Amino acid sequence: MSRPSIYALLALALLIHLTVLGRLEIFKAKPDLILLVVIFAGLFLGERPGLEVGIVAGLLKDLFVLDIFGINIFVLAMTGFAAGRMNTKFFRESASIQV
């Protein structure tokens with residue numbers, strides 16, 4: 001996947017997060033689709049793009065979710081970077097992933 005398609009996926013995840021998933025609770029926990037997109041970008045694109053997508057996702061989340069500004073930028077950027085560090089240890093063609 002290219003970066004524009006990751007950013008389109010991120011925008012779609014933000015839209016779904018703000019409209020549908022904000023009201024959904026499973027055992028007092030809310031699902032975070034934006035976090036999944038950041039982890040996906042880090043695993044499949046590498047450290048730097050994972051960090052970049054994490055920063056953009058955190059900025060968008062901080063702008064739309066009224067919380068402490070900057071905390072989502074830091075957390076999602078570090079998550080994207082950490083997922084990108086595991087890029088070399090992650091086998092995309094593994095049979096367990098395809099199931």
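**Exercise 1. The crossing of H1 and H3**

Task: In this predicted model, state the handedness of the crossing of H1 and H3, then give the angle and the distance between their axes.

Solution:
- Step 1. H1 and H3 cross in a right-handed sense.
- Step 2. Two packed helices are described by an angle and a distance, both taken between their axes.
- Step 3. For helix H1 (residues 3-21) and helix H3 (residues 47-64), the angle is about 30° and the axes are 11 Å apart.
- Step 4. Angles under 35 degrees count as roughly parallel, so H1 is roughly parallel to H3.
- Step 5. On the H1 side the contact includes Arg3, Tyr7 and His17, and on the H3 side it includes Glu52, Lys61 and Phe64.
- Step 6. Sorted by class, the residues where H1 meets H3 are eleven nonpolar, one polar and three charged.

**Exercise 2. The packing of H1 and H2**

Task: Determine how H1 and H2 are oriented and which classes of residue make up their contact.

Solution:
- Step 1. The axes of H1 and H2 lie 8 Å apart, at an angle of about 160°.
- Step 2. Angles over 145 degrees count as roughly antiparallel, so H1 is roughly antiparallel to H2.
- Step 3. The crossing of H1 and H2 is right-handed.
- Step 4. Among the H1 residues in this contact are Leu9, Ala13, Ile16 and Leu21; among those of H2 are Leu33, Val37, Phe40 and Leu45.
- Step 5. The contact of H1 with H2 has 13 nonpolar residues, one polar and no charged.

**Exercise 3. Lys61**

Task: Decide whether Lys61 is buried or exposed, and list the residues that Lys61 touches beyond four places in sequence.

Solution:
- Step 1. Lys61 lies in helix H3 and is one of the H3 residues that meet H1.
- Step 2. The relative accessible area of Lys61 is 10%. Buried means under 20%, so Lys61 is buried.
- Step 3. Leaving out residues up to four places away in sequence, Lys61 touches His17, Asp32, Ile34, Asn72 and Leu76.
- Step 4. His17 of H1 also takes part in the contact with H2, as does Ile34 of H2 in the contact with H1.

**Exercise 4. The aromatic pair**

Task: Classify the one aromatic pair found in the whole structure.

Solution:
- Step 1. The ring centres of Phe40 and Phe44 are 4.7 Å apart and the ring planes stand at 40°.
- Step 2. Planes under 30 degrees apart count as stacked and over 60 as edge-to-face, so this pair is tilted.
- Step 3. Phe40 and Phe44 are four residues apart in helix H2 (residues 33-45), which means a separation of about one helical turn.
- Step 4. Phe40 is partly exposed, at 28% relative accessible area; Phe44 is partly exposed as well, at 32%.

How values were computed
Residues are numbered from 1 along each chain as its sequence is written. This is a predicted model: local features need pLDDT of at least 70, side-chain atom pairs count only at pLDDT 80 or more; totals for chains, interfaces and linings use all residues. Side-chain values use heavy atoms; hydrogens and water are left out. Rings of Phe, Tyr and Trp (its six-membered ring) pair if their centres lie within 6.5 Å; planes under 30 degrees apart count as stacked, over 60 as edge-to-face and the rest as tilted. Helices (H or I, at least four residues) and strands (E, at least two) are DSSP runs, numbered from the N terminus. Buried means under 20% relative accessible area, exposed over 50%, partly exposed in between (1.4 Å probe, protein chains only). Axes are lines fitted to C-alpha atoms, for helices over the stretch in contact, and angles run from 0 to 180 degrees between N-to-C directions. Angles under 35 degrees count as roughly parallel, over 145 as roughly antiparallel, 65 to 115 as roughly perpendicular and the rest as oblique. A crossing is left-handed if the near helix is turned anticlockwise from the far one by less than a right angle, and right-handed if clockwise. Contact means heavy atoms within 4.5 Å. Ala, Val, Leu, Ile, Met, Phe, Trp, Tyr, Cys and Pro count as nonpolar, Asp, Glu, Lys and Arg as charged, and the others, Gly among them, as polar.
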